[in-house]
Amino acid sequence: MPRLINIGERRLAVSNKGRGRPTVVLEMGLGARGSLFNEVAERISSFTHVVWYDRAGLGFSDPAPVPRTIQDIARDLHALLLHASIPGPYVLVGHSMGGLTVRFYREHYPEEVAGMVLLDASHEEQRERLLAVLPPEQEDELSHLAHLRHILSTRWNDPNKNEEKFDHRANSALMRHCHSLDDLPLMVISRGRSDRDPAKFPPGVVEEIELTWLQMQRELARLSSKSQHMRAEKSGHMLNRDVPDLVVEAIRQVVLQIRA
């Protein structure tokens, strides 16, 4: 059972386990409770201290005013680590949209961050780039393609249409002020297969989406001069579920690099 920490404006549910530094902090993707990473966190605790939590409005945590941005999340996380007396340095691990949050965190609290792991992380330009590879809209297009187009073109612009009421447009604007990660130890793991069925899309569309996604992952790896990029060939977007061994080992390697 996580403990509730009062960060001043609300209480956030946090779990932590293990000993040693740096402390690994897990930041989940959109709509995901901290418990999604329970298995990975347990294994990380065998070699260092690890922290995982529920963002405001998820799991056991109190709600927060909406809409929200990655700036709100980073501020909450900073307050949580302070009020829970969990000192740095931290290795920030960001899955999916959590990748934007940990990069934003490092931009504003650089002295606290010793390393970073990005797990099939979101890219601030992904909406525009994915829309660009979709074929021209047609009235009788396949339902899965129409649904994806609707998500990228309409739902993306409406904070009320996602699980945590995030303002994605504001997030992309905030990320434009985030710069490189310099020589921060960085591990980027990207998916090796799509979670979309190619048979439900026009020929070649899913393949183009995946090539575009891979290019964005390579760009994330180039944010630091001390980075490694791995492609999890057997995994879809949920790396923690599909390839937990690879995720834990990548985090271990960053921890060891920092200790050395």
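The model is predicted. The protein chain contains 9 helices and 8 strands. Its radius of gyration is 18 Å, close to the 18 Å that the globule rule gives for 260 residues, so the chain is as compact as a globular protein of that length.

**Overall dimensions and packing**

- The C-alpha trace spans about 55 × 40 × 35 Å along its principal axes.
- Buried residues make up 53% of the 260 in the protein chain.
- Taking contacts between residues at least 6 apart in sequence, 76% join residues at least 24 apart.

**Largest pocket**

- The largest pocket has a volume of about 1100 Å³.
- Its lining comprises 38 residues, and the closest to the pocket centre are Leu30, Ser96, Gln126, Ile151 and Arg196.
- Two or more lining residues come from each of α4, α5, α6 and α7.
- Helix α5 gives the most to this lining, with 5 residues.
- By class, the lining of the largest pocket has 14 nonpolar, 14 polar and 10 charged residues.

**Second largest pocket**

- The second largest pocket has a volume of about 180 Å³.
- Its lining is made up of Met1, Pro2, Ala13, Ser15, Arg33, Gly34, Ser35, Asn38, Trp52, Tyr53, Asp54 and Phe60.
- Strands β2 and β4 each contribute at least two residues to the lining of the second largest pocket.
- That lining divides into 6 nonpolar, 4 polar and 2 charged residues.

**Cavity**

- There is 1 cavity of 30 Å³ or more in the structure.
- The volume of the largest cavity is about 30 Å³.
- The largest cavity is lined by Arg103, Arg106, Glu107, Cys178, His179, Ser180 and Leu181.
- The cavity lining consists of 2 nonpolar, 2 polar and 3 charged residues.
- Two of the lining residues, Arg103 and Arg106, are also among the buried residues of α3.

**Helix α3**

- Helix α3 (98-108) is mostly covered, with 9 of its 11 residues buried.
- The buried residues of α3 are Gly98, Gly99, Leu100, Thr101, Val102, Arg103, Phe104, Tyr105 and Arg106.

**Helix α7**

- Helix α7 has 17 residues (205-221) and should span 24 Å at 1.5 Å a residue; its end C-alpha atoms are 25 Å apart, which agrees.
- Its buried residues are Val205, Val206, Ile209, Glu210, Thr212, Trp213, Leu214, Met216, Gln217, Leu220 and Ala221.
- An α-helix has 3.6 residues a turn, so residues three or four places apart point the same way.
- The packing partners of the buried α7 residues are the helices α3, α4 (126-133) and α5 (143-153), together with the strands β6 (113-119), β7 (186-191) and β8 (227-232).

**Val117 in strand β6**

- Val117 is found in strand β6.
- Its relative accessible area is 0%, which means that Val117 is buried.
- Leaving aside neighbours within four places in sequence, Val117 is in contact with Val91, Leu92, Val93, Gly94, Met187, Ile251 and Val254.
- The C-alpha atoms of Val117 and Ala56 are separated by 23 Å, and the two residues lie 61 residues apart along the chain.

**Backbone geometry**

- Most residues other than glycine have a negative phi, and most peptide bonds are trans.
- Arg21 and Pro22 are joined by a cis peptide bond with omega of about 0°.
- Pro22 sits in the loop between β2 (11-17) and β3 (23-27).
- A cis peptide bond also runs from Val66 to Pro67, with omega near 0°.
- Pro67 is in the loop between β4 (50-53) and α2 (70-83).
- Ser85 is not a glycine, but has a positive phi of about 55°.
- Ser85 lies in the loop between α2 and β5 (90-95), and counts as exposed because its relative accessibility is 60%, over the 50% cut-off.
- Asp182 likewise has a positive phi of about 55° without being a glycine.
- Asp182 lies in the loop between α6 (168-175) and β7, and is partly exposed, with a relative accessible area of 45%.

Key. Residues are numbered from 1 along each chain as its sequence is written. This is a predicted model: local features need pLDDT of at least 70, side-chain atom pairs count only at pLDDT 80 or more; totals for chains, interfaces and linings use all residues. Side-chain values use heavy atoms; hydrogens and water are left out. On a 1 Å grid over the protein atoms alone, a cavity is a set of points where a 1.4 Å probe fits but cannot get out, and a pocket is an open set with protein on both sides within 12 Å along at least five of seven lines; lining residues have an atom within 4 Å of a point. Grid points are joined across faces, edges and corners, and a volume is the space filled by probe spheres set on the points. Ala, Val, Leu, Ile, Met, Phe, Trp, Tyr, Cys and Pro count as nonpolar, Asp, Glu, Lys and Arg as charged, and the others, Gly among them, as polar. Helices (H or I, at least four residues) and strands (E, at least two) are DSSP runs, numbered from the N terminus. The expected span of a helix is 1.5 Å times one less than its number of residues. Buried means under 20% relative accessible area, exposed over 50%, partly exposed in between (1.4 Å probe, protein chains only). Contact means heavy atoms within 4.5 Å. The radius of gyration is taken over C-alpha atoms; the globule rule is 2.2 Å times the number of residues to the power 0.38.
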